[in-house]
Amino acid sequence: MSIWTTRAVTAATASAAALALAGCGGSDDAAAGGAGDGAGDGLTVVAGFYPLEWAAERVGGDRLDVSSLTPPGAEAHDLELAPRDVAAVAEADLLVYLDGFQPALDAVAATEAAGTAWDAGQAADLTLTAEEHAAEEHAAEGETAEEHAEHAGDDEALDPHFWLDPIRLASVGDALAERLAEADPDGAAGFEQNAAALRADLEALDTEIQDGLAGCAVDTLVTGHDAFGYLADRYGLEVVGISGLSPSQEPDPAQLAEITALVRERGVTTVYTETLVDPAVAETVATEAGVRTAVLDPIEGLTDESAGSDYLEVMRANLATLREGQSCS
Ligand SMILES: [Zn+2]
């Protein structure tokens, strides 16, 4: 009975478009932070959104000039590309994107960057889907399992949010080092070293999260949109997203009632909202169920209000939030 509805135009889309127009400043800042004096003579890399930008900066070091197509503060799923963004993709030495995550960019990757687009999802081992929801939906329409299987394998059901599992992100860093070495053979040794350092940081983070979430009283994670599947999978939690795999897939009233009942049944004490998405729906569930809200960041973009200045810091802030919200000892 779960049916995701899709809004045609959202406030987030509008603000993303507005920010895209002013996006050059953010891109320049990001390049200055990552590329230093090498900016200008290194490879030009365009990333789809923050975690890919961060990984590219870490692996590329001063040999890359990295920018992100998603401006700080914009909702990443609903990315809209201005003509100059399309031109940047076409001119870049490498486009680092995630197929199935930003539909506008998928289209441009195919037409403008056929030989230079690199899909991070290939190295990320994307194994999770929203099949459960889809299956329920089709069952409600009286569809048989066989009929459902005919449209299974649809990309839209694949969960793209791999970066919330640090180990998957480390694998993407290793694969990116290899791809960069093809484009810049002189930098190969450096890329490999940088990817190893990135992996070490991510494995240390993974150990901290394993330890931090080892003894939690509540193992059901109720989040804004369904972004935390890979995190939940790695650390033995079960995630219930109030919206679908994209924040624009809002739940219907019956589904909201179902989630509210589940919050009560499982002793959930905290419903998580996000930094870049309107918290109203999650707040409704929390109010109905009589529980708290806290901000858990899916790290689809950073803003001044983010609980840290890079991926590692925000993940550690997320860990602290989870330890409190899931009553971990
Ligand atoms: Zn998402």
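So, the zinc ion: its site is tetrahedral, with angles of 102 to 113° among its 4 donor atoms. Tetrahedral here means four donors with all angles between 85 and 135 degrees. For reference, the ideal angle for four tetrahedral donors is 109.5 degrees.

Quick housekeeping. This is a predicted model, so local features need pLDDT of at least 70 and side-chain atom pairs pLDDT 80 or more, while totals for chains, interfaces and linings use all residues. Numbering runs from 1 along each chain as its sequence is written, and side-chain values use heavy atoms, with hydrogens and water left out.

Who holds the zinc ion? His77, His161 and His225, each through NE2, plus Glu300 through OE, at 1.9 to 2.0 Å. A donor is an N, O or S atom within 2.8 Å of the metal (3.2 Å for Na, K and Ca); water is not among the atoms, so sites may look incomplete. Along the sequence the spacing reads H-x83-H-x63-H-x74-E. Histidine 225 sits in the loop between strand E6 and helix H11, and glutamate 300, 75 residues apart from it, in the loop between strand E10 and helix H14. Those are DSSP runs numbered from the N terminus, helices at least four residues and strands at least two. Both residues are buried, meaning under 20% relative accessible area with a 1.4 Å probe, protein chains only.

Cysteine 216 lies between H10 and E6 and cysteine 328 after H14, so the pair ties together parts 112 residues apart in sequence.

Terms used:
Tetrahedral: all angles 85-135°; square planar, octahedral: opposite > 155°, others 65-115°. Buried < 20%, exposed > 50% of the residue type's maximum accessible area, 1.4 Å probe, protein only.
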